[in-house]
Amino acid sequence: MLMSGCCIKNCPLAIWISDHMMAIKNFIQIHLNVPNFIPSQLASQTDTILLWTVIGVSIRFLLMPIMAGSDFMTTSWISLTLVQKNQLIFSSDPPAIFFLIGIFYKLFLPFFPPGILNLMASPIGFSPTPFQVFVLLEPGIHTFLFLGKLPFLLFDILSALLILHLFSDGKKGLFAFKIWLINPIVIAISYVYGQYDIIAVFFLILALYFLKRNKYSWTAFSLSIGAIFKIFSLALLPIVALSYWKSQDKPSMTLKTLKTSSIIMCGLLPLLLIPTLFSVVPQYYESANFALPPGIFFNGFFGKTFYSQGVATEPFYSGLFSFLLNFSYAFQTSLSISDFVYFIPFIYALLFLGATYERHLSFEKICKYFTVFLLAYYSFSLFYPQWFLWIQPLLIMLLVENPRTYKKFFVLTLPLFFLYTLQSGTVLSTIVITPIVPQALLWPSPIAFLNNVGLPGSQLISIFRTFLSAVCIFMAFYIIKHSFWIKEKAKK
Amino acid sequence: MKALNRSLTRNILFCILLLVILPISYVTLLNNLVYHPGLRLSAEWEDNAFLDWKTNKNAPIIGGISNEGGPLKINMEGARNGGEIVAAQKTQNIPADLASNDYIKVSIMASSIAVASRVVIWTDFEHPHEVLVKTYNDSAWHQEIVLLSFFELSGNISMIELSMKQLEASDVNEWVLYKELSFGNLDF
């Protein structure tokens, strides 16, 4: 009912906004000669698109200045240190994100509250809670949060507009666009928790946009740029390369191999070159408190060694290994020898082998292979809540293609996801509301609260996490059964 | 032409209202409505003079403590192995208990990355609890605030220790300076 927009359309304010938006759109098209962001088949729906954009932006504007997690403050601190001191603080997050956000922050510097900027630049060491969390209590924090999240808004709205182009049927594109704009997971991750994953997701959607148009080199390039921010999108590259290989009917194997290799190189070169460029930036010596137990608070240098979450590591690789191996289920084949079978690479290999047996890897099939991989990932790995944003465009595509089937799965993931976030303790619960309720910084985590009232907090939340895994894996099986196996058999 | 200009002006005004004036008004309203006192530290106990601190060493090494008109200096000299410690310890006139103090604050400067600065709280004379062990790569003052609640310590404080630890074998003279030691509570 909400999707139809009929209630909204009758609202006088909506009509007023819509009229203005239409006039602005006409003006831009006539006078400024800006390329059309809206697919031609949706030309008649411009007013609806603009109206939903206004609604989406308004929801985001409301949340941007009032909530943020500690990760947002850390990302801001590292970006501001880069801007103000020209030094890069090592972290498990890739440097590219701090450079990109740093560019925006450089522009915003005159508008940031000076008190917060001074605090961010001060050499105070806070253990174990990073001092940036206490910045959430400072005067002017709402201005800081609003401006700090504007880069996310830009990539978010561009993602929404790109989603319009992922469907041949304009109505489906419009439906997906609306879901994206009011998707609670998209909104919460970027504007409530303040995570930057939307930037990587934008490049994933951009890659899908190019893939839909069979522009394989651009697809690989977009995936690579996305992987600079979050490595996950690189997992799509081998399937894209395989699709390209299968789409070529060149008689010469050498030519086919060369062409496919060039696609792979397009996907790897930026990923290899750009971090190398960042490595020449002077590093900031963030001193780790070695008295803390290994865990989320233990980051930085002790002596000459860099630690990420208490483990000595190279900053660039720590994120990659956490994503692929450290958080995955693993089977140890022998107690005496360190021989492991990691579940996530295992699933990926199975899916890739499955894809090699496909006669033709269409755009829809590639998306579904990647969706199944990510669903398996969320089912069998510890994942940071913000990582659930990666699958949202793919889930929306499934939902739009087959609303009857996937609506219930999609809706089920919403409450289960938000219950799963409670595992993160205060970081994604009480700290998040600190800007509007400063006392919340002292409140216990939801798990501690449940424990205090005599309920087994961790177990209760783990039960819902188990349900989330079940929904994800059921959805993965459903896709495999109805999109891969059955159709292939039918064709035979 | 006039009609077009009127329409254009109206729409530009609408854009400014939606994208600039409304967000600025909303953020300004929030900044004024929600009280943000910022984080304040209220010290319950302070030591800026470091007068009655005693030396302790865990090995027969050359080193000691001295008071240089304020900051407490701890130094090590001669050939020594990694892991060796020279400490300054205080048992008299110290904060009574841990429960009434949220944090410990101290400023530290170290001669090099080869030595770690340590802050240890002894709840009795057999149980040392390290709350801070850090290295610094510059000769600048670093203010450190450690939230004691994280370490789940309880009871009385028997001794406070400020020390330096050699990380690897060396014969280079090294030192660590401490100043402005305090215990207190967070207020916001």
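How are α5(A) and α15(A) oriented to each other? They are roughly perpendicular (an angle of 65 to 115 degrees; under 35 counts as roughly parallel, over 145 as roughly antiparallel and the rest as oblique).

## Ground rules

This is a predicted model, so local features need pLDDT of at least 70, side-chain atom pairs count only at pLDDT 80 or more, and totals for chains, interfaces and linings use all residues. Residues are numbered from 1 along each chain as its sequence is written, while chains are lettered from A and ligands numbered from 1 in the order in which they are written.

## Two crossing helices in chain A

Back to that pair: helix α5 (residues 95–108) and helix α15 (residues 253–278) of chain A pack at about 70°, axes 9 Å apart. Axes here are lines fitted to C-alpha atoms over the stretch in contact, with angles from 0 to 180 degrees between N-to-C directions. Helices (H or I, at least four residues) and strands (E, at least two) are DSSP runs, numbered from the N terminus.

The crossing of α5(A) and α15(A) is left-handed, meaning the near helix is turned anticlockwise from the far one by less than a right angle (clockwise would be right-handed). On the α5(A) side, P95(A), A96(A) and F99(A) make the contact, and they meet I274(A), P275(A) and F278(A) of α15(A). Contact means C-beta atoms, placed from the backbone, within 7 Å. By class, that gives six nonpolar residues, no polar and no charged. Ala, Val, Leu, Ile, Met, Phe, Trp, Tyr, Cys and Pro count as nonpolar, Asp, Glu, Lys and Arg as charged, and the others, Gly among them, as polar.

Helix α8 (residues 141–148) of chain A is mostly covered, with eight of its eight residues buried. Buried means 20 or more other C-beta atoms within 10 Å of a residue's own (12 or fewer is exposed, in between partly exposed; C-beta atoms are placed from the backbone). Among them are H142(A), F144(A) and G148(A).

As for the interface, 34 residues of chain A are in contact with 33 residues of chain B. On the chain A side, α2 (12–32), β2 (125–127), α8 and β4 (300–302) each supply at least two residues. That side has 22 nonpolar, ten polar and two charged residues.

## Chain B

Of its 188 residues, 29% count as buried.

Notes. Contact = placed C-beta atoms within 7 Å.
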